[in-house]
Amino acid sequence: MHPPSRLTPVILLASVLKPVDDTRMYEKFGRTLAEAGYEVHIAGRASKLGTPPPEGIQLHPLFSGYRLSLGRLAAQWRYWQLLRQLRPDLVVVHAPELLPATLLWRWLGAGRSFIYDVRENYALNIRTQHVYRGGLKRLLAAGVAFIEKAAVRRAAAVLLAERSYAEELQYLPPQRTVVLENKYVAPPGTDQSAAKDWPVSLPPREQPLRLLFSGTLSALTGVFEAIRFADQLRGAWPKLQLTVMGYCQQPQELYRLQQIVAANSSWLTLVGGAEPVAHTAIIAANGQHHLGLLPYQPHPSSWRCIPTKLYEYMANCLPVLIPPNQLWHAEIHRHSAGLVVPFGEALTAAQLTELATELISEKYYPAGPVAEAMWQTEAPRLLATVAAGLPPPPAATSHLGAAL
């Protein structure tokens, strides 16, 4: 372990599109590091934080608005100014678009260190999702892969949010790569043992059934499949209610979602949509619903990943319904956490009745909250990686580096 360059090392966690109160940057990395005694600064998209950050954490908005806007260029300048102002001992980069500025910052000063947090397989996402088109898509994917390869050679460590990325990204340095999965961290003061009584059972069909779809709202994450499925299940559960809760970044999908909600307001509720929802509100909703829905569409960018909200649901004993994904099925089967259902299929009245009967007869989470879903299993590796990544005190700093 290298000795820190100050009595209290300064660590900057930085993204552009992720909000400053993002669950991974703020609740997991930020709080863990602040509790360990580091001075933590978090930069990202502007967000309305429900409560002030705890002692040891400061927030710095870099960006607001939609992802396809010129504001993202301005965010680069704000990030550069923040690097000059804070002179961090270590930077944890949570977005590939900040890697060029980070590499320049590292090159211009002696003893500067950074860690790259791979939250997605970004090049694969750009190639296979429909956010960008044609030549721009290919150019961006190639550019991201190029800058990532350059960055991982110089990073003190590389963190992976998913185990599968180690196989997909062949250029990662194995000796400096650490898997830190997106497991659940309870809000401060939460008694996890009191999340729910277990085993968990669903109410009978004549009583209300509350379904929850939370997180990113998009066609890829299955928000429209969730609505269609809930609408069908109402045939067997007349008092069913569905809450759709989260942020939709695509204007066309947001408009479509708002139209559907307006036409079905008697049983369908939208929380957020046009703006992010505080993560604490989403966690609170876990305890107010009977079932969580994960109707993700099969896609190369997500099918080998474990959604963060699956960990959240399992940690809070919220039964889940998933599509036929073998990786997720193994997780829920091991803990009796839910069922596989045919999202996207048109179900007959007999099939709906059979499904409702199966849902009611099942006993969920007989052993209570899933310990393997908790962030406490990951936090020690984060602290060890950060401690190893802190640079030694520089013997001398160049005039150019000090000025920039």
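Leu339, in strand β13, is what stands opposite Leu321. That is where I will start, on a predicted model, in which local features need pLDDT of at least 70 and side-chain atom pairs count only at pLDDT 80 or more, while totals for chains, interfaces and linings use all residues. Residues are numbered from 1 along each chain as its sequence is written, and side-chain values use heavy atoms, with hydrogens and water left out.

Helices (H or I, at least four residues) and strands (E, at least two) are DSSP runs, numbered from the N terminus. Two strands pair if DSSP finds at least two bridges between them.

Now the whole sheet. It is open, with six strands in parallel pairing, and the order is β10-β9-β8-β11-β12-β13. At the edges are β10 (268–273) and β13 (338–340), each pairing on one side only. On average, neighbouring strands here are turned by 20 degrees against each other, direction ignored. Axes are lines fitted to C-alpha atoms, for helices over the stretch in contact, and angles run from 0 to 180 degrees between N-to-C directions.

Which strands does helix α8 touch? Helix α8 (251–263) packs on the sheet against β9 (240–247) and β10, and its direction makes about 150 degrees with that of β10. Helix α9 (279–286) packs on the sheet too, touching β8 (209–216) and β9, with about 155 degrees between its direction and that of β8. Contact means heavy atoms within 4.5 Å.

Next, the core. The largest nonpolar core has 62 residues, and those touching the most other members are Leu233, Leu242, Val244, Leu293, Leu321, Leu359 and Tyr365. A nonpolar core is a set of buried (under 20% relative accessible area, 1.4 Å probe, protein chains only) Ala, Val, Leu, Ile, Met, Phe, Trp, Tyr and Cys residues joined through side-chain atoms within 4.5 Å. Helix α7 (223–233) gives the most to this core, seven residues. A second, separate core has 41 residues, including Phe63, Leu86, Ala101 and Leu160. Leu242 touches, among others, Leu211, Phe213, Ile227, Trp267 and Leu293, leaving aside residues up to four places away in sequence.

The other sheet is also open. Its seven strands, in parallel pairing, run β3-β2-β1-β4-β5-β6-β7. Its edge strands are β3 (57–63) and β7 (177–179), each with pairing on one side only. From one strand to the next, the twist averages 20 degrees. Strands β5 (114–118) and β6 pair in the parallel sense over four bridges, and Asp117 has Leu159 of β6 as its bridge partner. Helix α3 (99–108) lies across β4 (90–93) and β5, at about 165 degrees to β5.

Helix α3 also packs with α2 (71–86), at about 30 degrees, the axes being 10 Å apart. That angle makes α2 roughly parallel to α3, a label for angles under 35 degrees. The contact involves Gln76, Tyr79, Trp80 and Leu83 of α2, and Ala101, Thr102, Leu104, Trp105 and Leu108 of α3.

Last, one residue. Is Ala155 buried or exposed? Ala155 sits in the loop between α5 (134–154) and β6 (157–160), and it counts as buried because its relative accessibility is 4%. Beyond four places in sequence, Ala155 touches Phe114, Tyr116 and Arg176. Ala155 and Val91 are 64 residues apart in sequence, and 9.9 Å apart in space, C-alpha to C-alpha.

Note on methods
Buried means under 20% relative accessible area, exposed over 50%, partly exposed in between (1.4 Å probe, protein chains only). Angles under 35 degrees count as roughly parallel, over 145 as roughly antiparallel, 65 to 115 as roughly perpendicular and the rest as oblique.
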